[in-house]
Amino acid sequence: MTEPAGIPDEVFASPLLRSLDERARRDVARASRVLELGAGEPAYGVGDRADTLFVVLRGSVRLEAVRRGEDRASTMRVARRGDSFGEEATVPGASRLLSAWADEPATIAEVPVTVLQRARVRGGATADSVERDERAALRAAARDVLDSSALGRELGRDELDMLLDRAEWKHHRRGERVFSQGDDAPFALVIAGGLLQLQSEHDGRVRVCGYLARGDVAGDDDVLAGRKHSLSAVAQGDLFALALPRAALQSAVDRCPALLAGLGRVAVERGEAQAGIVGEFERGATQHVFRDLYRLQVARSLLVIEQDSCVRCGHCAWACAETHGESHLVRRGDKIVTQLSSTGAPASLLLPNSCQHCESAACMVDCPTGAIGREPRGEVFIRAELCTGCAACVRACPWDNVQMVPRPGAPPAAARAETAVGTSALVAAKCDLCRDWQAPACVSACPTGSILRVDPSRDFSELAALFHGPGPTAGGGAPGRTEKRRARALTLASGLGLVLVGLGLGLQQAGVVEPSRGVGLLAGVVALPACLVLAGYGFFKRGVRRWLPRRERGLRATLAERAPAPRSRVAPQLDVHVVLGLATLALGALHGGFGGRPSTSGALGLVFWALSLTGLVGIAAYRTLPRWLTRIERRGLLPEDFPRERERVFDRLYRAASGKSELVKVLAERLLLPYARSPLGWLGLVLGRRTLREEEARLHARIDAMLEGRGGDQREGLTDLVRIVVELRALPGRRVLTLALRGLVPVHVLLAGMFLLLLLLHVASALGGGR
Amino acid sequence: MKLRAAPRTSSDVLLGRGLWLGAAVAAVAAVAGLGWALGPQGLWGPGPQSRPHARAAVGCSGCHQSGASIADSCVSCHGPHPSARPAHRALAQRGQLGCATCHAAHTADEGVALLTDGRAIRYGTGWETDTGVVTRYVAPTAVNVPLVPLAACTRCHDPSRPGDPIAACLLAGQEGLGDARPTVCFDEHRPVATTRGDRPARDGAWEAAREVAATVPAGGRGRTAPWLVGAFGLGLVVWGSQRALWRLRERRRAPAPEPVVRPSDVVRLPQIDTTTCLGCYACVDACPYDVLEVRRFVAVVARPDDCCGLTLCEQHCPNGSLVVREGEPVDDRPRVTDTLESVDVPGLYLAGDLTGLPLIKNAINQGAMAVRALAKTLPKKPDGSSRLQLLIVGAGPAGISAALAAREQGLAAMVLEQSTVAASIRSFPRGKLVFDQPLGVPVVGELWLEEATKEELLAKWLRIVRRHELRIREGLRVTAIERGSGGEFRITALDPEGNEQRFEAERVVLASGRRGSPRRLEVPVDPDAEAQVYYSLADARSFAGQRVLVVGLGDSAMEAALALGRQPDTRVTIVHRGDGFRRGKARNISELSRAVEAGRIELRQNSVVRRVRRGLVEVERNGALDELACDAVLVQIGALPPWSFLERAGVRRPTPRSSE
């Protein structure tokens, strides 16, 4: 592919571009480029991001697709000189429906659609011509949508055109209800982009029945049968679809009776495949993944934190703030339980507020100045110098992963000139996967290696099965085994270390060893450098800005392949720190015993033991508490969130209790509220090693025993209440455990500071006095 | 949006802030503390000296001489006085028992110093305390009596073994001290005493030392620990204060935006330059009332009727494409100052719907703001005065919020409510969602829930009223508010039995809302059809199975129609004067559009109700008259300010500015 400069005026003869005025043509020409394709060379493939449309200048381009329900590609059309193709890009956030490749050597012009659309509106073109052009583009896109869907297979040219005349574009935002169970069914939907969740609803309980994506048809059976909708449909992401009215669909079916059977077969096949996967996981503990499937479907690099090993130290957010000035990662958010393809084991994962680098990034589409770009490897990033601070991306991101931060290097707001483009006090900022560095800082700085960057549709077993069909999971079990080996080695080292500590202490106390001579002195001398290395751990990890290796600028663009998954740099150092710490503890015990004499060395001994104690407690806490904490939390929270969370849950409790039957209210007052408020209730929950779900079951059993089968019809709302009170009871436990995990490090560091200075004095006096 | 714009640095980022400094301070404090506790000698050497050695300024070289053993050094000052006990002496001769075995100079050198004035000082290594014991024996010259701690003896002796002689040297009642128990057999070195010939004096000193050792326990060991703990605590404080400082700075850097409290006096509308508009949604997000929309990449004023005249959109526009222009003055709102005080009646404050600013959230803000402002103007409450400082009329969102603010300011306040607490909320359709404020206008007070149904909000407010014990008197309808000569207000109210009650207050907040005066349907209604015209919807379920005509297309009308449409077999028709949606929340509009599309609700636009008859309504559309059969007519075309009541309180209608 080569790129000659300049855009020939010929491009603007295309029907889609004809109405542009002089200014708009200039804008479009500046953003477009001309490509030369050799015979058989592709312009794009199915599923590629669609944000540009093409005009053929020379040669011809063949457009192909595998229709739903078929297994071979069929030619949709051939674009010749003057024709345009790739109009599906006019649908925001779309991906390519067809693949395009040059039949013979071809010259094509590539026009970015957002630039075209904006130029068209801004320019002097009349409203009519703008609308006409847009309709033409959308109609072309609609044709591709219909043609590549299950409908296209059965329908002839004429029928397709007839349907096209009656079709209408529909856009639904994320979370919007597209139709409801029991509504009239005036039209069927052919989905062009986004994800549609089909669900049935009974008494306010939602049961997911399936997911429809690009090329699927929704509601066709009900429309054709003239029934009311039998299912509800909710848009999971921004949904773009073609609505086909009943009459049009009916006449198409009348003319091609095969259509009905074809549609039915596709729906049944899809339904069966999905029911298998969703149903199977729903029975297990992993249904959480399907709560926001769209998020996981579009995410290309989702940051997840393994809760069973995460020690809640916050080094990730801190390292992010160190490298970027503001942290783009806030460690709070939803939790999912899923199976990782790499290990095959179920894992509790936190999805914190951090950009997930969506395949069709909503922020990118909505940015008015094109300040949001994407690297060839998929990192979505913001160019601060182009950002106007309008916060359109903040609004667009469904997961609040873009924040407004003070513009780097900007003068204070008061001194700023009146609003001019590019000088807003705030700019949008979000995770760019540390694209200037070789690996993300958060991953590199995690002391336990709990942060992973994953592509959910590949790395989560059930999603891989849902999107790519069941099959052997990639990767094998290697990382899991190493992880286990590492844990076992650490446990062994800890045990051995403690035995050595006991031995050293025994020898010292028995008076066999003395600090100032022989083995005792040797132990002290050896422990000295060990202490310095131990302290070095703290210094090293704090200097993330210095040691995080930068990526060479030129290299970035050429790296099309996926780099190996980044690993934590600090985690192995923590392992060394732990092992060395235990060894030093043994040496220290041998050298100085318990200490405590009124002297510098006595004081050093006291601090040494306090420091070691926090270290030992820390090892134990890091091994056990995360698991305990994970068991009793539903969402990830920061310590400062707890007071508000308590208030929030109490509000929810009162809401859940209001308007319920007398029985439920009495139960709430007599049993559930005292249960939730019990001051030490959390302790039982933590020590009992029960998950929230098990605790709910216990509470239900207690209620059942109390009621002895009475009040069957008055129990509505009880399940909700039980859920909430269990959460309330667990809340103080989460607070205490979080505090325990996070409080240890500062105590350890403060003691280490004292220890180091005292050690210096001790060494100085030992060298100087020689006694 | 504004709130999101200033992210609070999370505790993750702050956790390590100041930790280095804290550690450094703790380390320095620890060394300084040790220097204080041990003295420079102890700091550099193996430990501090006890009182006699320190007083004699023995120094390091006094004992530690090169080439000489420690024992020789002791003898050089104290003279040779070997042990009187044969076993000890034998051990000493074998080199297994030296002076330092019992008198460890830096660690366990304890004793009692008897002064010439009869005071006794108990000392140890690095510490001494005046015991306060006045001994019967007064030494002619100051003497030191060394006490050997049991720890020195237990290498060989075991006090718990029956028959071990050491048991005789210990004082009863000091078992708790363990190894620190002093031994009080002072006859170890008897020969020395006899050679000097001061036997009686020696016996007296021993007796006195025994007395002191019995009453004052030893306390010398580990005196460094408190200093270390203190230093550690100091480090913690430094670390904590660093983080607190950061939080404080952060709060200063990002001041909370002022909540909206006062509507503008003139009609204002945003104007958008389409050639420069970025289509960035900044204005759409900034607008609290969903006035603006982006269509074809350019912002447009979609619902001008809802514009409140605030300039938030203008402030948020990144490139000045949007300017708010002023138009006609508004003439149906009572005039208020920036602090919501009536321009006509000083001391009378208005809050809530009365001021012309809609939304519950604003009412809450206004109630609190008005009370905070008026609290500053109130004179200090004279003691014993029983007069109310503040009387609040109406217990809706603004009234409750005002009462809460009054409690916070410590004012003597009372609320008069003609029906019940939050009656306006009670009259909402059942299950109505109350919320939807895209802009992060900070809400003053604690009344707000992020998103709640009517029932939830009501329950929360009743809880708050109970918890704060707000003085709310229900069932009292205010009929007159007069201003007394001293600036005080005299309020007359009627109770349900029709009895007059009088109140006096220094300030009055009117928060009675507009609910009392809905805009009426100005068409002929047949007398027998009057019962089927409703102006509020309490519970949509009561209309189940009926044909209901809803007049109006504002938020209330749309919400009512939607609630009615959800009832089984209820047929809902909306009659609306204009075409298309001119006002209302985007959420309501989209939901209603879907309901219309799905055939659940019929929407008749460009239609005007001409007459209501029994079971029928005459509706005119484009000149043609239709008769619609219906069982009930729900009129939701807004409310009027209750001018008659306001005028009785002295508030005058503003005259249009052009005639001034």
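Two strands are said to pair if DSSP finds at least two bridges between them; helices (H or I, at least four residues) and strands (E, at least two) are DSSP runs, numbered from the N terminus. The structure described here is a predicted model, in which local features need pLDDT of at least 70 and side-chain atom pairs count only at pLDDT 80 or more, while totals for chains, interfaces and linings use all residues. Residues are numbered from 1 along each chain as its sequence is written, and chains are lettered from A and ligands numbered from 1 in the order in which they are written.

In chain B, five strands form an open sheet with parallel pairing, in the order β19-β26-β20-β21-β22. Strands β19 (533-534) and β22 (601-604) of chain B each have a single partner strand and stand at the edges, so one side of each is left without a neighbour in the sheet. Strands of a sheet pair through backbone hydrogen bonds, either parallel or antiparallel. Four bridges join β21 (residues 571-575) of chain B to β22(B) in the parallel sense, and E602(B) in β22(B) is the bridge partner of T573(B). Helix α19 (residues 555-565) of chain B lies across β20, β21, β22 and β26 (632-635) of chain B and runs at about 165 degrees to β21(B). Axes here are lines fitted to C-alpha atoms, for helices over the stretch in contact, and angles run from 0 to 180 degrees between N-to-C directions.

Chain B has 21 helices and 26 strands. The axes of two of the helices, α15 (residues 360-377) and α16 (residues 397-409) of chain B, come within 7 Å and cross at roughly 35 degrees. Two residues are in contact if their C-beta atoms, placed from the backbone, lie within 7 Å. Residues of α15(B), including I360(B), A363(B) and I364(B), meet residues of α16(B), among them P397(B), A398(B) and G399(B). By class, this contact has 12 nonpolar, five polar and one charged residues; Ala, Val, Leu, Ile, Met, Phe, Trp, Tyr, Cys and Pro count as nonpolar, Asp, Glu, Lys and Arg as charged, and the others, Gly among them, as polar.

Of the 660 residues in chain B, 37% are buried (20 or more other C-beta atoms within 10 Å of the residue's own, with C-beta atoms placed from the backbone). One buried residue is L340(B), with 26 other C-beta atoms within 10 Å. L340(B) is in the loop between β9 (322-329) and β10 (348-350) of chain B, and has a positive phi of about 70 degrees although it is not a glycine. Most residues other than glycine have a negative phi. In chain A, R312(A) also has a positive phi, near 55 degrees; R312(A) lies in the loop between β17 (302-306) and α10 of chain A.

The contact between the chains takes 64 residues from chain A and 62 residues from chain B. On the side of chain A that touches chain B, α26(A) gives the largest share, 14 residues. The residues of that side divide into 32 nonpolar, 18 polar and 14 charged. The predictor gives the complex an ipTM of 0.81 and a pTM of 0.75.

Chain B averages a pLDDT of 79, and 87% of its residues score at least 70, pLDDT being the predictor's confidence in each residue, from 0 to 100. Within chain B, confidence is lowest in helix α1 (residues 2-5), at a mean of 34, and highest in strand β20 (residues 547-551), at 91.

Conventions. A residue is buried if 20 or more other C-beta atoms lie within 10 Å of its own, exposed if 12 or fewer, and partly exposed in between; C-beta atoms are placed from the backbone.
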